[in-house]
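Here's a quick briefing to read alongside the model. Have a look at the structure first, then go through the notes by topic.

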Amino acid sequence: MALIVHKYGGTSMGSTERIRNVAKRVAKWVRAGHQMVVVPSAMAGETNRLLGLAKELAPARPGNAYYRELDQLAATGEQVSVGLLAIALQAEGIEAISYCGWQVPIRTNSAYTKARIESIDDQRIRADLAAGRVVIITGFQGVDAGGNITTLGRGGSDTSAVAVAAAIHADECLIYTDVDGVYTTDPRVVPEARRLQRISFEEMLEMASMGSKVLQIRSVEFAGKYRVPIRVLSSFTPWDIDIHEEARSGTLITFEEDESMEQAVVSGIAFNRDEAKVSVLGVPDKPGIAAQILGAVADANIEVDVIIQNVSKDGKTDFSFTVHRNDLARTLDVLRQQVVPALGAADVVGDARICKVSIVGIGMRSHVGVASRMFRCLAQEGINIQMISTSEIKTSVVIDEKYMELAVRALHREFDLDQPADTLQGA
Ligand code: ADP
Ligand code: ASP
Ligand code: MG
């Protein structure tokens with residue numbers, strides 16, 4: 001008997017028929033003797049629908065009070081899901097009880113729309129499990145110290161599931177989704193993408209942080225911190241497939257490299273269309289400039305990603321960086337009001353039509369020339385690189401958004417990702 005957490009994404013919960021399938025699958029795991037906690041997302045499209053309604057009515061300059069209500073609203077999608085899933089399980093003859101984040105409680109900070117989990121009380125969950133019930137907990141939501149409902153950012157149900165798994169010391173957290181595992185890149189963009197049987201935790205962390213939305217980055221961070229074994233697998237297999245086969249399917253995120261892992265230099269390609277580029281033009285090239293520009297942005301609670309400062313001509317230089325697209329207007333406001341006049345800069349411009357494409361692989365640690373191969377490949381496709389950033393196991397470029405798919409496909413071919421790489425065992 002094991003203690004297992006299942007997470008089901010929006011598509012997997014997309015209709016009552018699909019919810020019935022989820023219930024039948026969970027019932028199969030219960031009947032096999034496992035203790036089960038299930039974390040579902042809102043039904044497909046529901047979070048977008050709710051946020052769309054808010055947008056129609058939103059004030060011109062939304063502030064914290066607005067974001068509080070946005071969370072109050074967006075969290076309802078998951079409440080519907082847990083109720084329906086508990087009912088569907090009861091219809092299968094399984095005892096089930098559902099909870100919202102605040103009822104557990106899953107405590108978070110007060111950063112509405114991107115709250116972080118601070119602690120999870122496992123008492124209620126444990127008592128229900130001990131009483132033989134399946135416990136169903138809303139994904140995506142929590143509660144802050146003031147009793148306000150918070151949400152964890154888009155895709156946050158992954159994080160809820162892994163955090164709950166960590167809190168109850170689950171044996172495994174199975175993330176059921178609409179693809180059958182983690183692929184070399186998004187299979188919707190590159191049909192030749194290949195499913196990986198295993199991916200290292202470090203690579204998964206980079207893939208997620210570089211924009212691969214199959215797992216929310218914070219869920220991978222939690223898995224690393226608390227060593228939660230995670231498997232990503234399909235919820236679209238027949239619910240009655242053999243449970244042992246199901247338990248081995250999909251992609252396992254591993255913490256140790258072992259001999260059966262592929263020895264590829266590049267393991268995957270991620271892309272992200274959510275960023276925008278901001279350039280402060282004609283700033284004096286002297287000490288303290290970066291601190292002044294980025295300090296003002298950080299004070300406004302805006303996260304900065306890729307940064308680039310050009311060499312100066314006549315003592316003046318341009319300073320560029322990327323932020324989330326949702327933060328672009330606010331960033332431009334802050335810079336125009338506080339930084340441009342103080343620095344005597346010429347202007348500030350924003351460009352939302354960019355994307356970031358990244359190659360990721362732990363093999364990059366021990367191979368030279370991987371980045372230059374990436375740049376050559378993009379050059380051959382006539383794609384101009386606007387910014388570059390690297391870490392030990394990834395290289396990212398910022399390019400014009402209209403070349404995103406072309407770049408991802410060309411890089412996928414360049415690094416032979418459609419072919420299985422050697423394993424040490426197989427080599
Ligand atoms: P869910 O609603 O189940 O959480 P998401 O839409 O959030 O599902 O995440 C699954 C999607 O992630 C897939 O449908 C796929 O398009 C996308 N995706 C992006 N990168 C990858 C990747 N490397 N491997 C698999 N899927 C990926
Ligand atoms: N329902 C939320 C969203 O659409 C959370 C999730 O699906 O993980 O972002
Ligand atoms: Mg998701």
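**A bridge to start with**

The side chains of glutamate 202 and arginine 365 come together in a salt bridge, at 2.5 Å from N to O (a salt bridge being a side-chain nitrogen of Lys or Arg within 4 Å of a carboxyl oxygen of Asp or Glu). Keep in mind that this is a predicted model, where local features need pLDDT of at least 70 and side-chain atom pairs count only at pLDDT 80 or more, while totals for chains, interfaces and linings use all residues. Residues are numbered from 1 along each chain as its sequence is written, chains are lettered from A and ligands numbered from 1 in the order in which they are written, and side-chain values use heavy atoms, with hydrogens and water left out.

- The chain splits into domain 1 (3-256) and domain 2 (268-418), with bounds that come from an automatic or database domain assignment.
- Taken over C-alpha atoms, the centres of domain 1 and domain 2 are 31 Å apart.
- On the domain 1 side, 18 residues are in contact with 23 residues of domain 2 (contact means heavy atoms within 4.5 Å).
- About 1800 Å² is buried between domain 1 and domain 2, and carbon and sulfur atoms give 56% of that; buried area is the accessible area (1.4 Å probe) that two parts lose on being put together, summed over both.
- Val189, Glu206 and Met210 supply 34% of the area that domain 1 buries against domain 2, more than any other three residues.
- Two salt bridges are counted between domain 1 and domain 2.
- Nine residue pairs, both at pLDDT 80 or more, are in polar contact across the interface of domain 1 and domain 2 (a pair of N or O atoms within 3.5 Å; within protein, one must be able to donate a hydrogen and the other to accept it, and residues adjacent in sequence count only if both atoms are side-chain atoms).
- Helix H7 (residues 201-209) gives the most to the side of domain 1 that touches domain 2, with four residues; helices (H or I, at least four residues) and strands (E, at least two) are DSSP runs, numbered from the N terminus.

**Ligand 1**

- Which residues are closest to ligand 1? Of the 17 that surround it, they are Thr177, Asp178, Tyr183, Asp186 and Arg188 (a residue counts if one of its heavy atoms lies within 4 Å).
- A nitrogen atom of ligand 1 is 2.8 Å from a polar backbone atom of tyrosine 183, and a nitrogen atom of the ligand lies 3.2 Å from a polar side-chain atom of serine 212.
- Lysine 7 has a side-chain N or O atom 3.0 Å from an oxygen atom of ligand 1.

**Ligand 2**

- The residues around ligand 2 include Ser41, Ala42, Gly155 and Ser157.
- Threonine 47 has a polar side-chain atom 2.8 Å from a nitrogen atom of ligand 2, and for the side chain of glutamate 78 an N or O atom is 2.7 Å from a ligand nitrogen.
- In the side chain of arginine 154, an N or O atom is 2.7 Å from an oxygen atom of ligand 2.
- Phenylalanine 140, also among the residues around ligand 2, has a positive phi of about 75° although it is not a glycine. Phenylalanine 140 sits in the loop between E6 and strand E7 (141-143).

**Elsewhere in the chain**

- The peptide bond from valine 104 to proline 105 is cis, with omega near -15°, and proline 105 is in the loop between E3 and strand E4 (106-108).
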